[in-house]
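Hi everyone, thanks for coming. Let me walk you through a structure that may be new to you.

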Amino acid sequence: MTTARSIPRSTIETARLRLRPTSAADARRAFEIQSDWNVTRMLSNACYPPNAHDIESWFSSHEREWAEGTAYRFAIEQGEGVIGVVDVDGIAGSNGSLGYWLESPSWGKGYAFEAAQALIGFVFSEVGLLTLESGHAADNPASGRVLTRLGFTPIASRELFSRARRETIVQCCYTLGRGSTLCSQ
Ligand SMILES: CC(C)(COP(=O)(O)OP(=O)(O)OC[C@H]1O[C@@H](n2cnc3c(N)ncnc32)[C@H](O)[C@@H]1OP(=O)(O)O)[C@@H](O)C(=O)NCCC(=O)NCCS
């Protein structure tokens with residue numbers, strides 16, 4: 001397994017997208033995207049309305065997380081603009097957690113699948129992770145479809161407090177092993 005500190009902060013190109021490691025400068029665009037209730041209500045740990053200071057401080061921590069090997073987060077660029085974020089965080093040992101969110105005008109074009117597939121290839125082949133977990137709110141079938149297309153297997157449901165909704169929701173939980181995806185190398 002490659003040591004975390006030796007992994008360069010390089011971009012990943014896909015057929016239609018460019019995944020660029022996030023930096024503090026991405027906070028403003030993220031604030032715009034998370035100002036859309038239909039985006040933020042689906043996120044497990046975001047506030048609504050979004051708090052600009054919290055988002056800035058979160059993005060400011062990304063370079064350090066990368067250097068420590070605890071999270072790899074990418075801005076999803078399509079053409080000239082940032083349309084969302086895809087990340088693997090909570091890395092402990094050889095396991096991490098996949099997340100993604102897109103501006104609503106970019107939904108329904110296969111971008112989440114394309115971005116997540118590329119990131120999965122990166123964390124399995126470059127970072128050396130062996131397993132990923134992910135999850136979605138029970139009322140977010142589009143995200144469930146993204147996960148199953150990626151090869152994730154549903155494992156359980158659990159109750160989770162949604163900060164954005166300010167209520168407890170049901171989250172569907174999934175897992176993916178390096179050997180069980182087309183993305184593995
Ligand atoms: C969930 C989200 C990432 C999906 O992004 P996307 O780029 O539209 O996803 P894709 O186009 O790759 O795939 C969506 C799939 O869900 C399907 N889908 C969309 N709405 C659906 C619905 N209501 N019920 C069932 N399937 C649905 C689409 O048909 C597509 O399936 P296909 O791959 O078989 O064609 C995007 O809607 C989003 O950012 N939502 C807000 C934030 C969020 O939910 N993040 C994930 C948190 S778990």
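What share of the contacts in the protein with a separation of 6 or more comes from residues 24 or more positions apart? Such residues account for 61% of those contacts, where two residues are in contact if their C-beta atoms, placed from the backbone, lie within 7 Å.

A word on the model before we go on. It is a predicted one, where local features need pLDDT of at least 70 and side-chain atom pairs count only at pLDDT 80 or more, while totals for chains, interfaces and linings use all residues. Residues are numbered from 1 along each chain as its sequence is written.

Now the fold. The protein has six helices and eight strands; these are DSSP runs numbered from the N terminus, with helices being H or I of at least four residues and strands E of at least two. From the N terminus, the order reads β-β-α-α-α-α-β-β-β-α-β-α-β-β. The C-alpha atoms fill a box of roughly 40 × 35 × 30 Å along the principal axes.

And the ligand? Around it sit 21 residues, with Met42, Ala112, Pro141, Ala142 and Arg145 coming nearest; a residue counts as near if its C-beta atom, placed from the backbone, lies within 6 Å. Strand 5 (95–102), helix 5 (111–127) and helix 6 (141–150) each supply at least two residues of this shell. Which helix gives the most to the shell? That is helix 6, with six residues.
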